[in-house]
Amino acid sequence: MSVSAPTNVGSALRRINFRELGIKLFTEYSFVLSFILLVILAATVNHNFFSWPNISNIFVQSCIIGLIALGMSMVISAGQIDISVGSQVAFIGGFGVLVLNQTGSPMIMLAFTASAGIVIGLINGLLITKGRMPSFIATMAMMGAARSLINHFGSGGPFTVNRANYEQFRQIATGSVGLFGVKVPYLMLIFIAATIIFDVVMKRTRLGKHIYAVGSNEVSARLSGVNVDAVKTATFVITGLMCGIAALLYASRTTAVAASSAAVGFELDAIAAVAIGGTAMTGGRGKIFGTFLGVLMFKIISNILTAANVSTFLNGAISAAIIVIAVLLQNFQYRKQR
Amino acid sequence: MKDIVVDFGPVRAVDHVNITIGPGEVVGLLGENGAGKSTLMNALAGAISPTHGEVVIDGSRKTVSNVKVAAQLGIRFIHQELNLCNDLKVFENMFLGEELRRPTGLLDTTTMIARCREALGRMRTHINPETVVGDLQAAEKQLVECAKALLFKSQLIIMDEPSTALTTEETENLFETMRTLKTEGVSFIYISHKMPELFEICERYYVLRDGVLVAEGKFAEVDDSAITELMIGRQLAHDVFDDHTDNTRPEVLVKAENLSGAGFEDVNFELHVGEVLAITGLQGSGCGQLADVLFGAAPFGGTLTVKGRRVRSGSNVRSFMRRGVAMVPRMRKERGIHNDLSIMDNHNMAYINARARTPWISKPAALKRYERERKSLSIKANNPANPITSLSGGNQQKIIIGKWLEAEADVLLLDNPTQGIDVGTKFEIYHLILALAKREKAIVVFSAEPPEIHKVADVCLVMFKGRVNAVLERDQITERNLMFYSTGANLRVS
């Protein structure tokens, strides 16, 4: 699983070259190495680490940030950044709860949150491509606007799922399905499925190649016939869509979306996960599987810290430190290659 | 400068060159494009560090590690490309990095403006030091660049084609200033392609060819045809490219009528199947812009027909690609390759955009396409999953050519295809161009290197200041003719 896409594990296993694998483990796939080290560390601190409830719990905690981080991987691979994701989740989640309370149907809510995410992503993308704004500025404006609007409509307070829908809706985040004799939470399945889809898109489709091409060298990409604007916009639309889905899951998990405090700092967490997953912050290179492990690593770190009684108020500082260390290591690694 | 060597990776740009300049002397540095002139001067001015060799000033050895050290030693470099910040004012640009300050630490704007005015006055121009540089004409920017060297006391001023954008009168004024400074003991190294200027202002010459110093002497003892011969070197006893076969067939693939765009106008030509058309010109002649227009990367006026169908201005690159037009861009590193991507992904980039019918990428099919081109273009590469930067410049270029052949392109625009490629591989690319012409491709080679054009072209358009100055048929394509027309020498009759 560590060598190739989860999609073709079988064929990859048959033609593994162990020497090459060793070299790759230390360069291209060094995030796998840090993941293993971190797991060993976590296992020594927490003796129940390898128990199924603990493992599935890590996945459950990772899912929401994970979906956003997958979108963020695309955005960063294209050489852009989206810092509006946290506000998007709060905005879409807040209104999503209203839709749910009105209609009583999680499906209609999903339709709403997904399309709202797409629309927000499209606005971000168009501001950046047609409006020629740096992505940092455009998404910063979106971040401020979305948060302020949801605060206004919710008067800063929570959007709470009403009693009629409470039990049924909560099932999405808390429910699970029995597979191979263990209970697999829906959130875990969703995260893994989304990772596989993103991995295939980035590796095996034109869009994926275009994203890396644009992030690597916009001029070359344009002169090879890549529609640079469309590719950039697509990454923001997909991220918006992921935020929409994440918003629904967030609402289901918390059953109340607090306008002022929901999903605060998610952009930092998502970017941190992408960074420790080995994606270059300048665009052009990165792996979805890296982001997948990055999200898990991020959650394992915060679990270790929680177990060590470190205050949750320090989460932001820890995310920031992770980003800085990960990018410093990346720079060191890339410099060595050149 | 003693025994200077500069290597760029495997390419040796300057090879054991020795140059001496006395006080108050004006020395001309000559050579074709890519001969290593700018590189040598950059080494002297501290912009790059030489692999080997030393700079001796007034008898003592100096390490010119960066531009600031060079400035302290009194060495000033006036660049060929304008190195000015468009958003800053004239005086801010001229004092950039060397701002004058009051004792309080704040900028002494008044003195800076006054000194700028004085320096510009010595150049006999009336540019206001407080104008924003972006609002100036190209010629005025050039003068500002020159005046920069007058602000501080200099010992040696290096001028890299300073007169490209200047009118005759402005050039005369520049020379007048140079003569005054000369009497004050300032020395000059003057780089230019324009013979009359060199003979007028310089006393001695150095000629570089392929990074090697091939000749030196006094201008008074030679004439301009002798100098040109020194620059291009004598023809080899037998040059395979002399047996040129013209593969041109009557079918027209691309036709341009009154084509105009940013930096050029009124360009007409027909490109036939199997033809190699070269387009050349000095910097500022509009060649680069013309290349972009022919690939749909820039808007244009006039009529452009590809395979009998008219192309509208503003159609994008992809619609040109679908008609079979391909572009190997100039400045490979900045515009051609994707540094972060693998050899195979770089190679596949045109096919998936122009020809692929589904958004899915089939790895085996991509690998098959890659292997086919690797064999037919004899690309030296081991694992296609390696980054493209693991290849040499020549092989990177072949990957780019190969990617277009797989996209079924039959009109190939090669924009300075041998830039930054070592001599051996250059010849491989020339053979490749001729082989492609034989395979009924139509090829446009944009090139600033006369020997290159001589080797491959059936017809050559020579551009000068945005217009076609001459159309040379095969037997007229000599290095001297190319030099003659691209410097506009035929227009300077009066």
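Trainee: What percentage of the 494 residues in chain B is buried?

Mentor: This is a predicted model, and a residue is counted as buried if 20 or more other C-beta atoms lie within 10 Å of its own. By that criterion, the buried share of the 494 residues in chain B is 46%.

Trainee: Why is chain B described as being as compact as a globular protein of that length?

Mentor: Chain B contains 17 helices and 20 strands, and its C-alpha atoms fill a box of roughly 70 × 55 × 45 Å along the principal axes. For 494 residues the globule rule gives 23 Å, and chain B is therefore as compact as a globular protein of that length, since its radius of gyration is close to that value, at 24 Å.

Trainee: Which element gives the largest share of the side of chain B that touches chain A?

Mentor: The contact draws 24 residues from chain B and 19 residues from chain A. On the side of chain B, the elements that give two or more residues are α10 (317–322), α11 (332–336) and α12 (343–354), while the residues of that side divide into 15 nonpolar, four polar and five charged. The largest share, six residues, comes from α12(B).

Trainee: At what angle do helix α6 and helix α7 of chain A pack?

Mentor: The crossing of α6(A) past α7(A) is right-handed, and the contact is made by residues including I120(A) and L127(A) of α6(A) and A138(A) and M142(A) of α7(A). By class, this contact has six nonpolar, three polar and no charged residues. The axes of α6 (residues 106–129) and α7 (residues 135–154) of chain A are 9 Å apart, and the two helices pack at an angle of about 145°.

Key
Residues are numbered from 1 along each chain as its sequence is written. Chains are lettered from A and ligands numbered from 1 in the order in which they are written. This is a predicted model: local features need pLDDT of at least 70, side-chain atom pairs count only at pLDDT 80 or more; totals for chains, interfaces and linings use all residues. Axes are lines fitted to C-alpha atoms, for helices over the stretch in contact, and angles run from 0 to 180 degrees between N-to-C directions. Helices (H or I, at least four residues) and strands (E, at least two) are DSSP runs, numbered from the N terminus. A crossing is left-handed if the near helix is turned anticlockwise from the far one by less than a right angle, and right-handed if clockwise. Two residues are in contact if their C-beta atoms, placed from the backbone, lie within 7 Å. Ala, Val, Leu, Ile, Met, Phe, Trp, Tyr, Cys and Pro count as nonpolar, Asp, Glu, Lys and Arg as charged, and the others, Gly among them, as polar. The radius of gyration is taken over C-alpha atoms; the globule rule is 2.2 Å times the number of residues to the power 0.38. A residue is buried if 20 or more other C-beta atoms lie within 10 Å of its own, exposed if 12 or fewer, and partly exposed in between; C-beta atoms are placed from the backbone.
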